[in-house]
Amino acid sequence: MVNKKWAVKRLTVNLTSTERQKLSQYCAKTGRPINDVIRELLRSLEVGNAEVSENSSSSEVSELARIQK
C-alpha cells in the first residue's frame with residue numbers, strides 16, 4: 001500500500017550547468033539529497049500572504065540562496 005503523503009509525481013527541471021553545480025555543491029556540503037533540498041525550497045515558498053512551509057529550515061534555505069549568488 002502506498003503512503004498517500006509520499007505519492008510521487010515526477011518533475012523534470014532544466015538547470016544551467018552553473019545552477020546544477022551550485023545545487024550539487026550545496027548537497028555535498030550539507031550531506032542532503034537533491035530531492036530533499038528541492039522539496040524544502042518548495043515548502044518555503046509563500047503563496048499570496050500565507051506561508052506554505054511545513055518544516056522548512058530558513059537557515060538552510062538562506063544558505064542555498066547565498067551559494068547561488
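Predicted model: local features only at pLDDT ≥ 70, side-chain atom pairs only at ≥ 80, totals over all residues.
Biologist: What makes up the protein chain, in helices and strands?

Modeller: The protein chain has 3 helices and 2 strands, in the order α-α-β-β-α along the sequence. Helices (H or I, at least four residues) and strands (E, at least two) are DSSP runs numbered from the N terminus. Residues are numbered from 1 along each chain as its sequence is written. Local features need pLDDT of at least 70 and side-chain atom pairs count only at pLDDT 80 or more, while totals for chains, interfaces and linings use all residues.

Biologist: Why are H1 and H2 called roughly perpendicular?

Modeller: Helix H1 (residues 17-30) and helix H2 (residues 34-43) pack at an angle of about 105°, with their axes 10 Å apart. Axes are lines fitted to C-alpha atoms, for helices over the stretch in contact, and angles run from 0 to 180 degrees between N-to-C directions. Angles under 35 degrees count as roughly parallel, over 145 as roughly antiparallel, 65 to 115 as roughly perpendicular and the rest as oblique. H1 and H2 are therefore roughly perpendicular to each other.

Biologist: Which residues make the contact?

Modeller: With contact meaning heavy atoms within 4.5 Å, H1 contributes Arg20, Leu23, Tyr26 and Cys27, and H2 contributes Ile34, Val37 and Ile38. These residues divide into 6 nonpolar, no polar and 1 charged. Ala, Val, Leu, Ile, Met, Phe, Trp, Tyr, Cys and Pro count as nonpolar, Asp, Glu, Lys and Arg as charged, and the others, Gly among them, as polar.

Biologist: Why does Leu23 count as buried?

Modeller: Buried means under 20% relative accessible area, exposed over 50%, partly exposed in between (1.4 Å probe, protein chains only). Leu23 has a relative accessibility of 10%, so Leu23 counts as buried. Leu23, in helix H1, touches Leu15, Ile34, Val37 and Ile38, leaving aside residues up to four places away in sequence. Between Leu23 and Val37, the C-alpha to C-alpha distance is 8.6 Å, with a separation of 14 residues in sequence. Of the 69 residues of the protein chain, 14% count as buried.

Notes: Heavy atoms only, no water.
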